Amino acid sequence: MTDLAAVKAALKTQAVETPSWAYGNSGTRFKVFAQAGVPRDPFEKLDDAAQVHAVTGVAPTVALHIPWDRVDDYGALAKHAEERGLKLGAINSNTFQDDDYKLGSICHPDPAVRRKAVGHLLECVDIMDATGSRDLKLWFADGTNYPGQDDIRSRQDRLAEGLAEVYERLGEGQRMLLEYKLFEPAFYTTDVPDWGTAYAHCLRLGEKAQVVVDTGHHAPGTNIEFIVATLLREGKLGGFDFNSRFYADDDLMVGAADPFQLFRIMYEVVRGGGFTSEVAFMLDQCHNIEAKIPAIVRSVMNVQEATAKALLVDRVALADAQASGDVLGANAVLMDAFNTDVRPLLREVREEMGLDPEPLAAYARSGWAERIVAERVGGEQAGWGA
């Protein structure tokens, strides 16, 4: 039997990092859709993030994206976050929105372009120092579109060289989180296309380098929970970018496409000790047609529900069934947990934390949505490239 008190205690310690860019305008490859009340600067993004944390109690950090969140005084931004009960989380770099990076950034054949890209990554570490952030999160759009366009092995050498320089710059308690992506925008080769490539580079770099698993960055049918289990076993799972996809990297709300997959992933996290380790649970989502803050609240709740179900798995019964070769019995143990309605349990958890049991209803009553529409008039709204 599962100890419900222990499950509740674990859920109260959960923390889900929200991304600053999810509060801004976003869209498809063809159009960015504007919404009324969207933040106009990083400070207003933090104001919105504080509303998410206020109603969920488990979203205390906000990831930044440079240059989208560039400010003159990062200490002031960190203080602004602290005054709202938040901290600044991972610093995300951007080496994909500059004309110089058409043929790559850190893997580019031109040493001058590589120098520019590495310089940006070093700037991000400087920002980490100013904000007190732990994690530098790296995703590279580098790759090639045609056979023979560039030398595959040389690009891996350039990648390793650039990562090593940035790794050496990391301070005490700081980490490098390397993300991978199956394809896009490169369609022939991608320089960090899978968890194996990311793992190999992180293994060579050292203990401060770990792999990020973006749940949208895989081919259809990929067993993501196997990747999670393996990286946890090797001590190389640094964190998640939670989102959901139906086709490619849609960056939809986590759990929207396949909540069972999210449950299976979270079970491996619980099984592998990742829930109580340094694994970072981050959202990486864009809310194109839905209201920003309610969508982020719903996403946090989806992670909570999957986690609660994973914690409810009767691991003793599961182990017994597995050891005896009871295939259907073992599957039934997992299915029983997944089919459990954990919403009453989470309502109890929130009440015990002094929160409203219904986060979305609490946000709706707060009046924040109406306030920001009325007050955020004029200026330039934040969004992709802003």
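Buried here means under 20% relative accessible area, exposed over 50%, and partly exposed in between, using a 1.4 Å probe and protein chains only. This is a predicted model, so to speak, with rules attached: local features need pLDDT of at least 70, side-chain atom pairs count only at pLDDT 80 or more, and totals for chains, interfaces and linings use all residues. Residues are numbered from 1 along each chain as its sequence is written, and side-chain values use heavy atoms, with hydrogens and water left out.

**Stop one: Ser 105.** Select Ser 105, which is buried at a relative accessible area of 0%. You'll find Ser 105 in the loop between strand E5 (87-92) and helix H4 (111-131); helices (H or I, at least four residues) and strands (E, at least two) are DSSP runs, numbered from the N terminus.

Colour the eight strands of the open sheet in the order E1-E4-E5-E6-E8-E10-E11-E12, and you'll see parallel pairing. Two strands pair if DSSP finds at least two bridges between them. At the edges stand E1 (18-19) and E12 (280-283), each with a single partner strand, so one side of each has no neighbour in the sheet. Zoom in on E8 and E10 (residues 209-214), which run parallel and are joined by four bridges. Glu 179 sits opposite Val 212 in E10.

**Stop three: the surface patch.** Follow the chain from strand E8 (175-179) towards strand E9 (189-190), and the loop between them holds Phe 187. Phe 187 is exposed, at 59% relative accessible area. Select Leu 182 and Phe 183 as well: with Phe 187 they form a nonpolar surface patch of about 300 Å² accessible area together. Patches take residues with over 30% relative accessible area and no salt bridge, joining like charges within 9 Å and nonpolar side chains (Val, Leu, Ile, Met, Phe, Trp, Tyr) within 5 Å. A salt bridge is a side-chain nitrogen of Lys or Arg within 4 Å of a carboxyl oxygen of Asp or Glu, and the areas come from the Shrake-Rupley method with a 1.4 Å probe, where only the protein chains shown count as cover for residues.
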